[in-house]
Amino acid sequence: MTITQVTAKDLFRAAYENRYTWDKNFPGYSAEITYKYEDQSIKGIARINQDLKAEVLGIDDEHAQKAIHNQLWETSIHRVRRSFDDTHGANTFSYGDTDENGRVEILVGGKSAGDKYKLSNNEVCLVCRHINGVLVTINTFASYNTGEGYLSCRYDSVYHDPKTGEQRGDKSNFSDQYQKVGNYFILSHRIISTGIAGETLPQEFIFENIQLSGISV
């Protein structure tokens, strides 16, 4: 009997296509946002338009506006639906090690040479990518199955110098919750805890009264 081994590319493709993304009919949405940081609680309106561009309205505080906009932008870029070939067509894939938890390492060559991932249960549970001159590592510890793909809901993120390996900045831990509005899962709550000089500084983003654009739900 001949046993055909799944290629690294096919295994990674399956996990890539198992991510939850918004379809081409996504109309955009708006929500009331409460941003909590240190002793402040700032309220305004958050919006992601149909073209996935983010807006923050009704907030004058520059730090708060930038923090909220960054999270909206992060949310939207991870919900964009792109084919595997469009995203990874110039890359090659090979197997690395399997760790003690059974997570399978995928090594990337070609255009994105040096990047790597780990897969578990048809999900990407570790991302290690070179982006804008830094090495970004994201470990996922928990995810949510929407029935239309998975969403990471507990994970951390840290940056390193790709040449020296020196850590840049502090590690951030994320905890996310999602709400289904109409046909789409929307971020409703995010806590980011970042250790700075031995102290943990949390940021909290609360999205309420989420409404799809042009649709009553």
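Modeller: Tyr 95 lies in strand 4, where strands (E, at least two residues) and helices (H or I, at least four residues) are DSSP runs numbered from the N terminus. The model is a predicted one, in which local features need pLDDT of at least 70 and side-chain atom pairs count only at pLDDT 80 or more, while totals for chains, interfaces and linings use all residues. Residues are numbered from 1 along each chain as its sequence is written, and side-chain values use heavy atoms, with hydrogens and water left out.

At 32% relative accessibility, Tyr 95 counts as partly exposed; on this scale buried means under 20% relative accessible area, exposed means over 50%, and partly exposed lies in between (1.4 Å probe, protein chains only). Apart from residues up to four places away in sequence, Tyr 95 touches Gln 5, Val 6, Thr 7, Ala 8 and Leu 11, and also Val 104, Glu 105, Ile 106 and Leu 107, a contact being heavy atoms within 4.5 Å. Two backbone oxygens are placed by the polar side-chain atom of Tyr 95: that of Val 6 at 2.6 Å and that of Thr 7 at 3.4 Å. A polar contact here is a pair of N or O atoms within 3.5 Å; within protein, one must be able to donate a hydrogen and the other to accept it, and residues adjacent in sequence count only if both atoms are side-chain atoms. For a sense of scale, Tyr 95 and Gln 177 are 82 residues apart in sequence and 33 Å apart in space, C-alpha to C-alpha.

Strand 5 (residues 104-110) and strand 6 (residues 116-120) run antiparallel and are joined by four bridges; two strands pair if DSSP finds at least two bridges between them. Their hairpin has five residues between the strands, and Gly 114 there takes a positive phi near 100°. Lys 118 counts as buried, because its relative accessibility is 17%. Leaving aside neighbours within four places in sequence, the contacts of Lys 118 are Asp 99, Arg 103, Val 104, Glu 105, Glu 123, Val 124, Cys 125 and Leu 126.

The pairing continues beyond strand 6. Five bridges join strand 6 to strand 7 (residues 123-131), again antiparallel, with Ser 120 opposite Glu 123 and Tyr 117 opposite Val 127. Two residues lie between these strands in their hairpin, where Asn 121 takes a positive phi near 55°. Strand 7 in turn pairs with strand 8 (residues 134-145) in the antiparallel sense over six bridges, and Val 127 stands opposite Ile 138 in strand 8. That hairpin also has two residues between its strands, and Asn 132 in the turn has a positive phi of about 50°.

Cys 125, one of the contacts of Lys 118, counts as buried at 9% relative accessibility. The sulfur of Cys 125 is 13 Å from the closest cysteine sulfur, in Cys 128, which is too far for a bond. Cys 153, buried at 17% relative accessibility, has its closest cysteine sulfur in Cys 125, likewise 13 Å away and too far for a bond. A disulfide is a pair of cysteine sulfur atoms within 2.5 Å, and by this rule the count comes to zero.

Finally, the nonpolar cores, each a set of buried Ala, Val, Leu, Ile, Met, Phe, Trp, Tyr and Cys residues joined through side-chain atoms within 4.5 Å. The largest has 33 residues, and those with the most contacts inside it are Trp 22, Tyr 29, Ile 68, Leu 72, Ile 186, Phe 205 and Phe 207. A second, separate core of 12 residues includes Phe 12, Ala 15, Tyr 16 and Leu 119.
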